[in-house]
Amino acid sequence: IAQEFIMTNVYRDRHGRILQLPSPLFLVLCNRTVTMIYSAVLLRLRGQNLWFSGSLDALPPAVSNTCASWAQYSSLGYISFGLQTTAKSVKILPVVIISSLRGKKHSLTDHALGVVRQ
């Protein structure tokens, strides 16, 4: 929630001009950097290695997640946070319906979640 506040809030400089955070990518970079440093400190405190077998397998999902976060924060310049959250929660029902048509079996809970989140 703090990140959405930072992206949607307006700030005033010392001359009184209204400004917004200029780059959503900078916010994503700061977020990821703090997370990596925090994780590294925790791993060291526990005496665990920073690199382990399979570490590089996490790279593609991490890059995809970073790109998705950048797109999400960039979109806040065009739509409200409430609209964005609603759009993200609406997507589950079409996914369940289409995957069911393609032959995937879903539990009653999956269908109920798809309807409730609408």
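Ser-99 counts as buried, at 17% relative accessibility; buried here means under 20% relative accessible area, exposed means over 50%, and partly exposed is in between, using a 1.4 Å probe and protein chains only. You'll find Ser-99 in helix H5, residues 92-101. Setting aside residues up to four places away in sequence, Ser-99 touches Lys-104 and His-106, where a contact means heavy atoms within 4.5 Å.

A quick word on what you're looking at. This is a predicted model, where local features need pLDDT of at least 70 and side-chain atom pairs count only at pLDDT 80 or more, while totals for chains, interfaces and linings use all residues. Residues are numbered from 1 along each chain as its sequence is written, and side-chain values use heavy atoms, with hydrogens and water left out.

Now for the overall layout. The protein has 6 helices and 2 strands, and from the N terminus on they come in the order α-β-β-α-α-α-α-α. The radius of gyration is 20 Å, well over the 13 Å that the globule rule gives for 118 residues, so the protein is more spread out than a compact globule. Helices (H or I, at least four residues) and strands (E, at least two) are DSSP runs numbered from the N terminus, and the radius is taken over C-alpha atoms, with the globule rule being 2.2 Å times the number of residues to the power 0.38. Along its principal axes, the C-alpha trace spans about 60 × 45 × 20 Å.

What about the surface? Buried residues make up 13% of the 118 residues. The protein exposes about 9,400 Å², and carbon and sulfur atoms supply 67% of that; the areas come from the Shrake-Rupley method with a 1.4 Å probe. Of the contacts with a separation of 6 or more, 43% are between residues 24 or more positions apart.

Next, the inside. The largest nonpolar core has 5 residues in all: Met-7, Leu-27, Val-28, Tyr-73 and Leu-76. Such a core is a set of buried Ala, Val, Leu, Ile, Met, Phe, Trp, Tyr and Cys residues joined through side-chain atoms within 4.5 Å. In soluble globular proteins, nonpolar side chains tend to be buried together. Leaving aside its neighbours within four places in sequence, Leu-76 is in contact with Glu-4, Met-7, Thr-8, Phe-81 and Gln-84.

Pro-24 is buried, with a relative accessible area of 14%. Not counting residues up to four places away, Pro-24 touches Met-7, Trp-70, Tyr-73 and Ser-74.

Two loop residues are also worth a look. Ser-80 sits in the loop between helix H3 (59-75) and helix H4 (81-90), and is partly exposed, with a relative accessible area of 43%. Gln-20 lies in the loop between strand E2 (18-19) and H2, and counts as partly exposed too, at 47% relative accessibility. Apart from neighbours within four places in sequence, Gln-20 is in contact with Met-7, Thr-8, Asn-9, Val-10 and Tyr-11.

Here are some C-alpha distances for these residues.

| Pair | Apart in sequence | C-alpha to C-alpha |
|---|---|---|
| Pro-24 and Met-7 | 17 residues | 7.3 Å |
| Ser-80 and Glu-4 | 76 residues | 9.7 Å |
| Gln-20 and Ser-69 | 49 residues | 18 Å |
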